[in-house]
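Biologist: Please take a close look at one part of this model for me. I would like to see how its two sides meet.

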Amino acid sequence: MKSAVLLESYLKALRLPAFLREYGQAARQCGEEGLGYEEYLEALAGAEISSREGRAAARRIRQAGFPSAKELSDFDFAAAPGLNKTRVLELAGCDFVRRRENVVLLGPPGVGKTHLATALGREACRRGMRVRFFTAASLVTAYLEAREERQVQRLDAALRKQDLIVIDELGYIPFSPSGSQHLFGFFSQCYERSSVALTTNLPFSEWPQLFGGDERLAGALLDRLTHKVHIIDIQSDSYRLRASLRRREGGGATQ
Ligand code: ADP
Ligand code: MG
């Protein structure tokens, strides 16, 4: 018993919480299975590594600022018949982030663009990547605020450290000239350095109107975004709308 007290204080000092939690149970199990000292140590070290990775992934997910905990496993592909499931699952492996490629999720409101962008971002966090989630409007606001505080370089530097930046809802609100310039600067600095996963309801041909009709700026920005891009076109009916109709119908049937 005395040795357990000493052992536990060592494990605490060494910051090995999984060892501490599991050493007794692992010892019993190794005894039952006739496993040796090395296997015992390996099992504990493995438990420590996976619990450390789990904590790090949870921290990255927290820091990313996702709007929800939506996962790919919550996504009903049968409800989005036009969507190429194989391509989405391949993207979830996050090699596109390693290759610094971009993803554009294109489609009308309510079809699951934000859901999928969030799910891809969470997968990237689990694979050890640094991710930030913005709406297009919140990214522009972040730049405008940074400019007022003379912190644009700092914001740029923080964004450069990310592996993947999700930009949600491009196309709902047009940008002011300075907002447009900041977005252009953002896409220029991401180019081949960080991946961008962007959701939009606007086909590329309509992007100039987002930037006050500035065709050259929209063109140059699209050039950078689409140089290496996976376009996921989701042209189904609104899932949100269908779900609320179903609820209403369901409600009616029980009356
Ligand atoms: P969008 O960003 O395209 O407007 P969202 O991703 O916000 O759409 O989707 C609206 C709601 O419907 C969310 O709660 C989302 O989780 C849900 N949703 C959309 N498509 C699906 C789907 N195929 N399977 C499960 N949930 C879906
Ligand atoms: Mg959305």
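Modeller: Across the interface of domain 1 and domain 2, the rule finds 0 salt bridges. A salt bridge here is a side-chain nitrogen of Lys or Arg within 4 Å of a carboxyl oxygen of Asp or Glu. Polar contacts do occur: 4 residue pairs link domain 1 and domain 2 this way, both partners at pLDDT 80 or more. Such a contact is a pair of N or O atoms within 3.5 Å; within protein, one must be able to donate a hydrogen and the other to accept it, and residues adjacent in sequence count only if both atoms are side-chain atoms.

The model is predicted: local features need pLDDT of at least 70, side-chain atom pairs count only at pLDDT 80 or more, and totals for chains, interfaces and linings use all residues. Residues are numbered from 1 along each chain as its sequence is written, chains are lettered from A and ligands numbered from 1 in the order in which they are written, and side-chain values use heavy atoms, leaving out hydrogens and water.

Now the two sides. Domain 1 covers 2–63 and domain 2 covers 65–242; these bounds come from an automatic or database domain assignment. Their centres, taken over C-alpha atoms, are 39 Å apart. Together the domains bury about 590 Å², 55% of it on carbon and sulfur atoms. In domain 1, Arg60, Ile61 and Gln63 lose the most area to domain 2, together 89% of what that side buries. Buried area is the accessible area (1.4 Å probe) that two parts lose on being put together, summed over both.
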